[in-house]
Amino acid sequence: MGVTLKIWSEARQRFYAVEGSEARFWRHVEWSDGCWLWLGGTSGTGYGRFYDGERMVSAHRFSYELINGPIPEGRVIDHLCRTTLCVRQDHLEVVEQRENLLRGDTFQARNVAKTHCPRGHEYSGQNLYVNKRGSRTCRACSRESSKAHYWAMRRQEAS
């Protein structure tokens, strides 16, 4: 490690020890009646990032843990306001990853919300088939597809 880098590293450690992570964190927040927006660094996915003195952490997770304590293992923080830079604790909720995906505007959420197949048949009761991967299939469309394939093969054999 070069001398300049070593001096800078030691100075940084003294700074973090004196000021404290919590005080530094709140300096990067824009307060309002709605969302409390993170003004510090961000990740490539639009979430706030913060150096807590030891490692880089997500700003919303740091904010939540300041008030509520550790986030249970296997859980994530959901922004109820849908603003990824919000660090206001009452806008954050601990949920399972699946719940977080289904609440948002995601591919998974859009598929779960579908009640009918592309041809208009309802996904319910005897017309619904769930395969091994968990994908829903319309039985009426499967039957129609099988019949069409069967007759196409018969016509091909006859010619």
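Which residues does Cys81 touch, not counting residues up to four places away in sequence? Cys81 touches Cys35, Cys86 and His91, where contact means heavy atoms within 4.5 Å.

The views come from a predicted model, in which local features need pLDDT of at least 70, side-chain atom pairs count only at pLDDT 80 or more, and totals for chains, interfaces and linings use all residues. Residues are numbered from 1 along each chain as its sequence is written, and side-chain values use heavy atoms, with hydrogens and water left out.

**View 1. Confidence along the chain.** The mean pLDDT of the chain is 87, and 88% of the residues score at least 70; pLDDT is the predictor's confidence in each residue, from 0 to 100. Helix α1 (residues 3–19) has the lowest confidence, with a mean of 56. Strand β2 (residues 37–38) has the highest, at 97. Helices (H or I, at least four residues) and strands (E, at least two) are DSSP runs, numbered from the N terminus.

View 2. Cys81 sits in the loop that lies between β5 (75–79) and β6 (92–96). Its relative accessibility is 25%, so Cys81 counts as partly exposed; buried means under 20% relative accessible area, exposed over 50%, and partly exposed in between (1.4 Å probe, protein chains only). A distance of 8.0 Å separates the C-alpha atoms of Cys81 and Leu92, which are 11 residues apart along the chain.

**View 3. Surroundings of His79.** His79 is in strand β5 and counts as buried, at 4% relative accessibility. Not counting residues up to four places away in sequence, His79 touches Tyr47, His60, Thr84, Cys86, His91 and Leu92.

**View 4. Cys117 and Cys141.** The sulfur of Cys117 has its closest cysteine sulfur in Cys141, 3.5 Å away, which is too far for a bond. A disulfide is a pair of cysteine sulfur atoms within 2.5 Å, and a search of the whole structure finds 0. Cys117 is buried, with a relative accessible area of 6%. Cys141 is also buried, at 15%.

**View 5. The largest nonpolar core.** This core has 10 residues: Phe25, Trp26, Val29, Trp36, Trp38, Phe50, Val57, Ala59, Phe62 and Val87. At least two residues of this core come from each of α2 (21–27) and α3 (59–68). A nonpolar core is a set of buried Ala, Val, Leu, Ile, Met, Phe, Trp, Tyr and Cys residues joined through side-chain atoms within 4.5 Å. Not counting residues up to four places away in sequence, Trp26 touches Trp31, Trp36, Ser63, Leu66, Val87 and Gln89.
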